[in-house]
Amino acid sequence: QAEDGIRDVERSRGLGDVYKRQTNYILKRAAELASDYTYRGASSLLSKEISDYFGKDLIWYWVKKIAKVLEAKEKLRTQSILNNQNLSSQSPHPKAIIEIDATSIHKQYKGKPTKENLEVKLSICYTDIKRKNKKNCLENKIIYAGVEDTHTFGNNLYSLLEEKLNITSIKDKLLIGDGDRWIKEIKNLHFPDAKYHLDWWHLTRNIRRAMRENKRLNTLFLKYLYEGRADRIIDTLATKYRTLTKERQEINNLLEYLKNNREGIYGSKGFEINKIGSGAIEKNIEIMIGRRFKKQGMSWSKEGAQALLKLRVLKQNKEDWDNFFKELKWN
């Protein structure tokens, strides 16, 4: 594969003048196809469109090189915004919702699948929900994703939202997460004035898992939750934990989860938009990650997944996508 890639690259350098004049168009189209199709599929489609051969390894090489440019621009933006302590621009938006979650994809090492996974973090932010054509549409939706550590992901997410929305100046913010510690770390560092809301989909799933042997308690706990009496769940669990042995560990896990996220169970109370779950981000995880990275037999290196993910995120905003390739300097 490496030799094929080298041959592809050498062949690309020998393209005729007509292709040299259209380099940015070819790169843009290759990136667009690779973000939606497998590299083999992108190779076939691009070769047919341009009437010349472009191997899958060449497209893979291009994607990684384009992603390096993207990440460099991202790093400059993040450094610039984090170093500017006097953020004075006022956002025109009165409110914003930030949803954060993560999923896993299969990992590979030196081209071979491993038993390990890569964690992919993803966030969406929007300023309102409008009903259009019988569907809920997110206004001013911004997506960010990365195969990154929490610190890098948080910094990059914050700088993107500051650039696009002046997020710091928006007073009414709601951040929705599943209770994981890393999400709270991002919230406390970059969005300390935001309300935190625990996603009820994850909450109800955890209740059902722990109470699968006791349907009566499961029904009772969900009733308490929707009646605004989640503290009753904690009190009941504390009692059950002392008396049961069979489900002791599962009950203890649920009890700790609820205690650690007590302040977020009704975190959206008083927020103008009624949000009890993170359905929007679950859908975007399926679209952004599931449809391209989780097909049968697929596995990814961290570098490869990160590069392709950056392109898929950029492609969500047509204006940003077009401007990037207009300004792209290819060496």
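What follows is a short chat about a predicted model.

Q: What's the mean pLDDT of the chain?
A: The mean is 87. Of the residues, 87% reach 70 or more. Keep in mind that this is a predicted model.

Q: Where does pLDDT stay under 50?
A: Residues 1–7 are one such stretch. Residues 12–21 are another.

Q: How many residues of α13 are buried?
A: 11 of its 13, so the helix is mostly covered. The buried ones include Gly304, Gln306, Lys310 and Arg312. Leu308, Leu309, Leu311 and Leu314 are also among them.

Q: And α14, which residues are buried there?
A: Trp321, Asp322, Phe324 and Phe325, in a helix that runs over residues 318–327. They cover an arc of only 160° around the axis, which puts them on the same side of α14.

Q: What's on the other side of α14?
A: Glu319, Lys326 and Glu327, which are exposed.

Q: What covers the buried residues of α14?
A: The cover includes α3 (23–36), α5 (56–83) and α13.

Q: Which residue caps the N-terminal end of α14?
A: Asn317. One of its side-chain oxygens lies 3.1 Å from the backbone nitrogen of Glu319. Glu319 is also among the exposed residues of that helix.

Q: New topic: Thr103. Where is it?
A: Thr103 sits in strand β1, residues 95–109.

Q: Is Thr103 buried or exposed, and why?
A: Buried, because its relative accessible area is 13% and the cut-off is under 20%.

Q: What does the Thr103 side chain pair with?
A: Its partner is the side chain of Lys294, in a polar contact of 2.5 Å.

Q: What else is Thr103 in contact with, leaving aside neighbours within four places in sequence?
A: Leu118, Glu119, Val120, Ile285 and Ile289, besides Lys294.

Q: There's also Thr127. Where is that one?
A: In the loop between β2 (112–126) and β3 (128–132). Thr127 is buried too, with a relative accessible area of 5%.

Q: Which side chain does Thr127 meet in a polar contact?
A: The side chain of Asn140, at 2.8 Å.

Q: How many bridges join β3 to β4?
A: Five, and the two strands run antiparallel. β4 spans residues 135–139. In that pairing, Asp128 stands opposite Glu139 of β4.

Q: What do β3 and β4 form, and what's in the turn?
A: They form a hairpin with two residues between the strands. Asn133 is in the turn, with a positive phi of about 50°.

Q: Last one, His202. Which helix is it in?
A: Helix α8, residues 200–210. At 7% relative accessibility, His202 counts as buried.

Q: What is the side-chain partner of His202?
A: Asp199, through a polar contact of 2.4 Å between the side chains.

Q: And how is His202 placed relative to Gly177?
A: They are 25 residues apart along the chain. Their C-alpha atoms are separated by 8.9 Å.

Terms used:
Residues numbered from 1 in each chain as written. Predicted model: local features only at pLDDT ≥ 70, side-chain atom pairs only at ≥ 80, totals over all residues. Heavy atoms only, no water. Buried < 20%, exposed > 50% of the residue type's maximum accessible area, 1.4 Å probe, protein only. Helix = DSSP H or I, 4+ residues; strand = E, 2+ residues; numbered from the N terminus. Arc of directions from axis to C-beta. Contact = heavy atoms within 4.5 Å. Polar contact = N/O pair within 3.5 Å; in protein donor to acceptor, adjacent residues only side chain to side chain. Pairing = 2+ DSSP bridges. pLDDT = per-residue confidence, 0-100.
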